[in-house]
Amino acid sequence: MNNQFYFINAFSKEKFKGNPAAIVFMNENRSEKWMISLAAELNQPITTFITPNGENNYELRWFTPVSEIDLCGHGTLGAAHILWSEGFSSSKSAINFHTQSGLLRSELSGQQIILNFNIKNSSETKVTEKLKRVIQLPIKSAAWAEDRYILELENQDMVHEAEPNLKAINELDGPGIIITSSGSGRYDFVSRVFAPKIGIDEDYVTGSAHCALASFWGYRLNKKEFMAYQDSKRGGELKLKIIGDKVEVIGDCITLLKGELYK
């Protein structure tokens, strides 16, 4: 793991789809300033830094091009994928990630990766004037999901066509918003995620957001298992399973390239 790095596409079986991330192995202590600078240089939605911490245990940190964040689903998926696909960890063993959001566990099921996260509970809230300024479309319902708003629209065409007001999003609590609607065909629901406060105007596929969407749609659909699609420009699909106060986020991942950082 000599300062190797990888570019991956998460929540996709196809190259140039899903959510891209850089995965960087750390074999020496680096300052937070250095990690932020490298994340800005690589200029991916997320750069994940991995530090070994015993057998099948690793420290994880995630940085957007402008700041560190507490939780990133696709960055975790990418880290697990590289550890298994490059032979750093046995595919027969689960991987434990120690993070600012606590211990995250990852398992391999066939070619798909299972991430085990805490569910984010959501509760109904009023559709305020502030929320109406975010999007110039009828809002069917709104919810607060611990750290962000979920706005439900009438149908998936509206979700696809929406052009949210990023300035208005910056005036809300939380890092960004989720817009969503019920789906059709194989998908129970669709969504898009906007997080301009942390340097991501629109995220392509957001594992952490689905910890909140599982709660939101579990109540509405009276279900505990879902197929979901994030309808961004690149697009990506996720399987979800609610188990008690946890949610399994399940998806595919592929590697695009790898390299080595110079000291």
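**Close-up views of a predicted model**

**View 1. The largest cavity and its volume.** The largest cavity holds about 30 Å³ of space. Here a cavity is a set of points, on a 1 Å grid over the protein atoms alone, where a 1.4 Å probe fits but cannot get out; its volume is the space filled by probe spheres set on the points, which are joined across faces, edges and corners. With a cut-off of 30 Å³ or more, the count is one cavity. This is a predicted model, in which local features need pLDDT of at least 70 and side-chain atom pairs pLDDT 80 or more, while totals for chains, interfaces and linings use all residues. Residues are numbered from 1 along each chain, and side-chain values use heavy atoms, without hydrogens or water.

**View 2. The lining of the largest cavity.** Lining residues have an atom within 4 Å of a point; they are Gln112, Met227, Glu237, Leu238, Lys239, Ile250, Gly251 and Asp252. (Strands are DSSP runs of E, at least two residues, numbered from the N terminus.)

View 3. Glutamate 124 sits in strand β9 (residues 123-125) and is exposed, with a relative accessible area of 52% (exposed means over 50%, with a 1.4 Å probe and protein chains only). Beyond neighbours within four places in sequence, glutamate 124 contacts Ser141, Ala142, Ala143 and Arg220 (heavy atoms within 4.5 Å). The C-alpha atoms of glutamate 124 and alanine 145 are 8.9 Å apart.

How values were computed: 1 Å grid on protein atoms, 1.4 Å probe; cavity = no way out; pocket = protein on both sides within 12 Å on 5 of 7 lines; lining within 4 Å. Helix = DSSP H or I, 4+ residues; strand = E, 2+ residues; numbered from the N terminus. Buried < 20%, exposed > 50% of the residue type's maximum accessible area, 1.4 Å probe, protein only.
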